[in-house]
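Reader: I have just opened this one and would like to be walked through it. Could we look at it together?

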Amino acid sequence: ILLVPIEAIVPESALPDAFEYRQVLWAKYFVASGALVSLSTTVFCYLFGIPRTIEAMARDGLLFEQWGTYNSRTGTNVNSTVLFGVLTAFLGLLVGIDILVGI
């Protein structure tokens, strides 16, 4: 026994729509919110690693030296964190959610 008939499966959102078909709306929203949480986690992991990559590139001379400096008070690379955080937020505004989820 399948959750839904094979003709009723929507390829773009198969699992949330399957729960909606069975009138289990709490599970539909739980699964759909998981996609948003995983997208946020991906962006956070990207922002966690990019300052170290930028610092290594600046140390090797591939980027300006100021991108490789650390803040004496916080011990973090504030320049690249802020730059790529703003760049990521800007691209998030321009690119559709369907493309972002597909990445």
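Author: Helices here are DSSP runs of H or I with at least four residues, strands are E runs of at least two, and both are numbered from the N terminus. This is a predicted model, in which local features need pLDDT of at least 70 and side-chain atom pairs count only at pLDDT 80 or more, while totals for chains, interfaces and linings use all residues. Residues are numbered from 1 along each chain as its sequence is written, and side-chain values use heavy atoms, with hydrogens and water left out.

Reader: Which residue has a positive phi although it is not a glycine?

Author: Q23 does, at about 60 degrees. Most residues other than glycine have a negative phi. Q23 sits in the loop between α1 (14–21) and α2, and it counts as exposed because its relative accessible area is 66%, where exposed means over 50%, buried under 20% and partly exposed in between, for a 1.4 Å probe and protein chains only.

Reader: What does α2 span, from its first C-alpha to its last?

Author: Helix α2 covers residues 25–59, which is 35 residues, and reaches 52 Å, close to the 51 Å expected at 1.5 Å a residue. That expected span is 1.5 Å times one less than the number of residues.

Reader: And where does α2 bend?

Author: The bend is at G49, by about 30 degrees, and the proline P51 follows within four residues. The bend at a residue is the angle between axes fitted to the seven residues ending there and the seven starting there.

Reader: Which residues of α2 are buried?

Author: They are A27, K28, L39, I50, P51, I54, E55 and A58. T53, which is also found in α2, is partly exposed because its relative accessible area is 39%.

Reader: Changing topic, is S80 buried or exposed?

Author: S80, in helix α3 (residues 78–94), counts as buried because its relative accessibility is 0%. Leaving aside neighbours within four places in sequence, S80 is in contact (heavy atoms within 4.5 Å) with P51, I54 and W67. From C-alpha to C-alpha, S80 and T53 are 9.5 Å apart in space, although 27 residues apart in sequence.

Reader: What joins the side chains of S80 and N77?

Author: A polar contact of 3.4 Å joins them. The term means a pair of N or O atoms within 3.5 Å; within protein, one must be able to donate a hydrogen and the other to accept it, and residues adjacent in sequence count only if both atoms are side-chain atoms. N77 is in the loop between α2 and α3 and counts as buried, because its relative accessibility is 2%. Beyond its neighbours within four places in sequence, N77 is in contact with P51, E55, W67, G68, T69 and Y70.

Reader: Which residues is F84 in contact with, leaving aside its neighbours within four places in sequence?

Author: F84 is in contact with Y46, L47, I50 and I54. F84 itself lies in helix α3 and is buried, because its relative accessible area is 16%. The C-alpha atoms of F84 and L47 are separated by 7.3 Å, with the two residues 37 apart along the chain.

Reader: What lies over the face of F48?

Author: R52 does, at 4.7 Å from the ring centre. A charge sits over a ring if NZ of Lys or CZ of Arg is within 6 Å of the ring centre and within 35 degrees of the ring normal.
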